[in-house]
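Me: Got a model open here and want to go through the packing. Can you take me through it?

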Amino acid sequence: MCSSLPYQHAHATSKQELVFDWSHEFGAGFGVLLFPSKRNSSAAATCCLAGDFQPLTSLKYISSSNMSSTDDVHACPEDYSLSDHGCTPKRKKSPPPLDSLPVDVQEEIGCMYEFLPEIADHFVVLNKIGEGTFSSVFLAKLKHYSEVKQLFALKHIIPTSHPSRIEGELKCLQEIGGCDNVMGVELCIRNKDHVVIVMPYFPHEKFQDYVQTLSVPEVRDYMRNLLLALRRVHQFDIIHRDVKPSNFLYDQKTKQYALVDFGLAHKAPISQAELAASHRKVSQSTSISSSRSNSLSPSKRKVLTPTQEINLQNIQDFTQKIGQTPSPGFTKLEHSQTIKCRQFTPPTPDIANKVFTKRVKSPRRMLLAKRALMVKERETNLTRTGLSHQGQSSGGLSTCQCFGQPIVCTLCTARSNQQAPRAGTPGFRSPEVLMKCPDQSTAVDIWSAGVIFLSLLSGRYPFFRANDDLTALAQIISIMGSEEVVASASTYGKKLLCNPPTHALNLKNLCNKLRTGPSCRQNRSSSKHNPQEEVKVLQSWASVPDSVFDLLHKLLDLNPSSRITAEEALNHTFFSSGS
C-alpha cells in the first residue's frame with residue numbers, strides 16, 4: 001500500500017465538489033490538463049506536449065452550504081458566467097504582483113501572467129520560493145475559491161527545455177508520484193513553449209537549518225523515508241540523478257517527506273544485475289590476459305617498439321569486439337589481415353626519406369612532416385626513459401605512449417571523446433559518473449543518498465565542495481583512499497593513477513570529530529531548540545551504533561555493481577534494530 005502525501009485535490013473538499021473545465025480558456029496551441037486520477041496520466045502528458053488535447057465537458061460548481069435541493073445546479077459564482085457549456089471564468093486583467101516582493105520577482109510573475117493568462121485567471125501567485133537551472137517555482141493559491149486553503153507550487157519550466165525532458169518529468173510525476181514520499185502532480189498548463197506544472201505545496205525547512213540538530217532516531221527516520229522514495233523510483237527502472245537535500249523536502253513538525261524535481265530523471269540504460277554481470281566479465285577477461293602475458297618468460301618475451309605496442313592494442317580491441325581472443329604471439333599475416341579489417345589514419349610521411357623530400361611539392365605537407373618528426377623524437381625519448389621502467393614494473397604492455405607521463409600523445413588526442421551521462425549536482429555525483437563510465441545504473445542515486453547520510457552523521461553540509469570533476473574525484477580519494485578508488489575504477493574499464501598514494505580514513509572517527517568540533521557546538525548553541533531537546537540530541541549521539549557506519553560504507557561503496565540497493569538498505573539492521 002502506498003502512503004499518500006498530505007494533500008487533497010483542489011477540486012474536492014468536505015462540503016463541496018468542484019469539477020473544473022478549462023476548455024473555454026484555450027487558445028491556439030494551448031492545452032490545460034487536470035489529473036484527478038492517475039488512470040490515464042501517461043496519455044495525458046503526451047497530449048499536453050503534442051498539442052492534441054481534447055477538452056473536458058463542463059464546469060460545474062455545487063456547494064451544499066449555499067444551495068438547496070430546488071436551486072439550479074448550474075448556478076455560478078459571481079466571478080463566473082453561465083453559458084451553454086456551463087460556468088466559465090470571466091476574463092480579467094492579470095492581478096498586480098505584491099508590492100512587498102522584490103522587483104525582479106514581480107517581473108517574473110508578470111511575465112508568467114503574460115505568457116500564460118490562465119494562471120492569472122485561476123491562481124494568485126504569492127511569492128517565488130525556488131529557482132533552478134531549468135525552472136523557477138512560485139507559491140500560489142486558488143483565486144476564486146477562498147474556502148480552499150490548499151497552497152500550490154507552480155513550476156515554470158524555461159522555454160529552452162527540450163520537450164522530451166518535460167514529457168519525462170511529467171510521466172515520472174504521474175506514474176511514480178503520489179505515494180512513498182514521491183511528489184505528485186495536480187495540473188499542467190502549456191501555452192506554446194511555456195509550460196507550468198502545478199503541484200501541491202509542501203512546507204519544509206532548509207537542510208542546513210536542521211542538519212546539526214537532528215538526533216540519531218530522527219536521522220534514522222530521515223534515511224528510511226529517503227530510501228523508501230528511492231525504492232519507489234527504482235522500481236520503475238528510473239534514475240533520479242539529482243538526489244540532494246534540497247530535492248528531498250522534510251517537514252520537521254509533521255514528520256513528512258517528499259522527493260521532488262524529476263527534471264534530470266531518465267530510464268536506466270542498464271540494470272543493476274546487468275551491471276554486475278558485465279563487471280564480472282571484464283574482470284575475468286583482464287585476469288586471463290594478464291596471466292597469459294605473465295606466462296612468458298622474460299627471455300622469451302619480445303620487446304616491442306611503441307608502434308608495435310599501439311598495433312597490438314588495436315588488435316586486442318578489435319578481436320574483443322568480434323569475440324575472439326588475441327594470441328600473444330601473433331604472426332605478420334594475422335597482423336596485416338587484422339589491420340585491413342580496420343581503417344586507420346594513414347601514416348605521416350617520413351621526412352628522412354629522400355624519395356619523399358624530392359617528390360613533395362606542398363609546403364604544408366613538408367611542415368606537417370617536420371612536426372611529426374619532432375613529436376616522434378620527443379615521444380621516443382620519453383619512451384626510453386619512462387616506459388621501459390613502467391613495463392618492467394607492471395609486467396605488461398602499456399596502453400599508449402604517454403602512459404604515466406605528464407604529456408598527451410598523438411594517439412590520445414586522436415581518440416574521440418567518450419560520451420557518458422554526467423548530469424547531477426556537484427558534490428553528489430558518484431565516482432562512475434565523475435570518471436565518465438557509460439554503463440550507469442540506479443546505483444548513482446544510492447551514492448547520493450550516502451553523501452546525504454554522511455552530512456547528517458558529520459553535521460557538515462555540503463560535505464564535498466568542488467568546481468570540477470577532477471577536484472571532486474580527488475576529494476573522494478582523500479576520504480576513501482587511492483587504492484580503493486583505483487581498484488573500483490578498474491572494474492568498469494578505467495585506469496586511474498594517483499600520486500602520492502592516500503590511505504582511507506575511518507569514517508566513524510571522521511564523523512565524530514566533525515560533529516564534536518567547535519563549529520557544530522556553536523551552531524547548536526545558536527539554534528532555537530530548548531535546552532532539554534539539545535540534551536536529548538547530545539545523548540543520542542554519545543552512543544551511535546556500529547550499524548550506522550556499516551550502512552554508510554555500503555551506501556558509499558565505490559563499486560557500483562556491489563553497491564547496496566534501496567530495497568536491501570531498508571532491510572539493514574540500522575532500521576530493524578531502531579525503536
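Predicted model: local features only at pLDDT ≥ 70, side-chain atom pairs only at ≥ 80, totals over all residues.

Reply: What follows covers the nonpolar cores, the aromatic pairs and one annotated site.

Me: Which residues have the most contacts inside the largest nonpolar core?

Reply: Tyr222, Met223, Phe453 and Leu456, in a core of 84 residues. At least three residues come from each of domain 1 (97-201) and domain 2 (205-268 + 421-578); the bounds are from an automatic or database domain assignment. A core here is a set of buried Ala, Val, Leu, Ile, Met, Phe, Trp, Tyr and Cys residues joined through side-chain atoms within 4.5 Å. Buried is under 20% relative accessible area, exposed over 50%, partly exposed in between (1.4 Å probe, protein chains only).

Me: What does Met223 touch?

Reply: Ala449, Phe453, Leu456, Leu555 and Phe575, leaving out residues up to four places away in sequence. Contact is heavy atoms within 4.5 Å.

Me: OK, aromatics. How many pairs?

Reply: The count is 14 aromatic pairs. Rings of Phe, Tyr and Trp (its six-membered ring) pair if their centres lie within 6.5 Å; planes under 30 degrees apart are stacked, over 60 edge-to-face, the rest tilted.

Me: Why is Tyr210 with Tyr222 called tilted?

Reply: Because the planes are at 50°, with the ring centres 6.4 Å apart. Tyr210 is in helix α5 (residues 207-210) and Tyr222 in helix α6 (residues 216-235), twelve residues apart. Helices (H or I, at least four residues) and strands (E, at least two) are DSSP runs, numbered from the N terminus.

Me: Is Tyr222 buried or exposed?

Reply: Buried, because its relative accessible area is 0%. Tyr222 also pairs edge-to-face with Tyr250, at 5.8 Å centre to centre and 90° between the planes. Tyr250 sits in strand β12 (residues 248-251), 28 residues from Tyr222.

Me: Switching topic. Where does UniProt put a "binding site"?

Reply: At Lys155, according to an unreviewed UniProt entry. UniProt positions are in the numbering used here, feature names are shortened, and annotations may be inferred rather than shown by experiment.

Me: What surrounds Lys155?

Reply: Lys155 is in strand β8 (residues 151-157) and counts as buried at 6% relative accessibility. Beyond its neighbours within four places in sequence, Lys155 contacts residues including Ser135, Glu169, Met199 and Asp261.

Conventions: Residues numbered from 1 in each chain as written. Heavy atoms only, no water.
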